[in-house]
Amino acid sequence: MATIRLINSGVFDRRPNLTIQMAHLSGGIASVIGRIRSYQDKDFWATAGNPRHGKLPERDFDHYLRTRMVFDTAGFCGAIRR
C-alpha cells in the first residue's frame with residue numbers, strides 16, 4: 001500500500017530528484033502488480049475525480065517503479081538455521 005500511495009500521491013512528480021528504497025520487495029508487489037495496474041483505470045472503477053481515490057501520477061505507474069524506486073530483497077531466502 002505504501003508504494004501505491006507514494007506513486008499515486010504525485011510525490012515523485014513534485015520532487016523530481018527523489019528516489020525511495022522500499023524494503024522486502026515492497027511487500028511482494030510483484031505478486032499483485034497486475035491487479036494494481038488495473039486499479040489505475042480510475043474511469044472504469046468510477047473513482048475519477050474523487051479527492052481520495054481518484055488521484056493518478058503524471059506518468060504510468062510502472063515508470064516510477066523502474067526509475068524512481070529501488071527495492072531490496074531482505075527476507076527473500078530460506079530458513080535461518082543455527
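Author: Start with aspartate 62. Aspartate 62 is buried, at a relative accessible area of 16%. Keep in mind that this is a predicted model.

Reader: Which residue does aspartate 62 form a salt bridge with?
Author: Arginine 37. The closest N and O atoms are 2.7 Å apart.

Reader: Is arginine 37 buried or partly exposed?
Author: Partly exposed. Its relative accessible area is 42%.

Reader: How many salt bridges does the count come to?
Author: One.

Reader: OK, switching to the core. How many residues does the largest nonpolar core have?
Author: It has 13 residues. Those with the most contacts inside it are Ile7, Phe12, Ile33, Ile36, Phe61, Leu65 and Met69.

Reader: Which elements give two or more residues to this core?
Author: Helix 1 (2-9), helix 2 (11-14), strand 1 (20-22), helix 4 (33-38) and helix 5 (61-67). Helix 5 gives the most, with three residues.

Reader: Take Phe61. What does phenylalanine 61 touch?
Author: Leaving out residues up to four places away in sequence, phenylalanine 61 touches Ile4, Ile7, Asn8, Ile33, Ile36 and Gln40.

Reader: Asn8 is on that list. Where is asparagine 8 found?
Author: In helix 1. Asparagine 8 counts as buried, at 10% relative accessibility.

Reader: What does asparagine 8 touch?
Author: Gln40, Lys42, Lys55, Leu56, Pro57 and Phe61, again not counting residues up to four places away in sequence.

Reader: How far apart are asparagine 8 and lysine 55, in sequence and in space?
Author: 47 residues in sequence. In space it's 5.9 Å, C-alpha to C-alpha.

Reader: Stay on helix 1. Which residues of helix 1 are buried?
Author: Thr3, Ile4, Ile7 and Asn8. They cover an arc of only 115° around the axis, so they sit on the same side of helix 1.

Reader: Why would that spacing put residues on one side?
Author: An α-helix has 3.6 residues a turn, so residues three or four places apart point the same way.

Reader: And what covers the buried residues of helix 1?
Author: The cover includes helix 2, strand 1, helix 3 (24-28), helix 4, helix 5 and strand 2 (69-71).

Reader: What follows helix 1?
Author: Glycine 10, with a positive phi near 90°.

Reader: Which residues other than glycine have a positive phi?
Author: Histidine 24 is one, with phi near 55°. Leucine 25 is another, also with phi near 55°. For background, most residues other than glycine have a negative phi.

Reader: Where do those two lie?
Author: Histidine 24 lies in helix 3. Leucine 25 is found in helix 3 as well. Histidine 24 is partly exposed, at 48% relative accessible area. Leucine 25 is partly exposed too, at 32%.

Reader: Now the surface. Which residues make a nonpolar surface patch?
Author: Tyr39, Phe44 and Trp45 make one of about 360 Å².

Reader: Where is phenylalanine 44 found?
Author: In the loop between helix 4 and helix 5. Phenylalanine 44 is exposed, with a relative accessible area of 60%.

Reader: Last one, proline 51. Buried or exposed?
Author: Exposed. The relative accessible area of proline 51 is 68%. Proline 51 is also in the loop between helix 4 and helix 5.

Reader: How far apart are proline 51 and arginine 68?
Author: 17 residues in sequence, and 24 Å in space, C-alpha to C-alpha.

How values were computed
Residues are numbered from 1 along each chain as its sequence is written. This is a predicted model: local features need pLDDT of at least 70, side-chain atom pairs count only at pLDDT 80 or more; totals for chains, interfaces and linings use all residues. Side-chain values use heavy atoms; hydrogens and water are left out. A nonpolar core is a set of buried Ala, Val, Leu, Ile, Met, Phe, Trp, Tyr and Cys residues joined through side-chain atoms within 4.5 Å. Buried means under 20% relative accessible area, exposed over 50%, partly exposed in between (1.4 Å probe, protein chains only). Helices (H or I, at least four residues) and strands (E, at least two) are DSSP runs, numbered from the N terminus. Contact means heavy atoms within 4.5 Å. A salt bridge is a side-chain nitrogen of Lys or Arg within 4 Å of a carboxyl oxygen of Asp or Glu. Patches are made of residues with over 30% relative accessible area and no salt bridge: like charges are joined within 9 Å, nonpolar side chains (Val, Leu, Ile, Met, Phe, Trp, Tyr) within 5 Å. Accessible areas come from the Shrake-Rupley method with a 1.4 Å probe; for residues, only the protein chains shown count as cover. The arc is that of the directions from the helix axis to the C-beta atoms.
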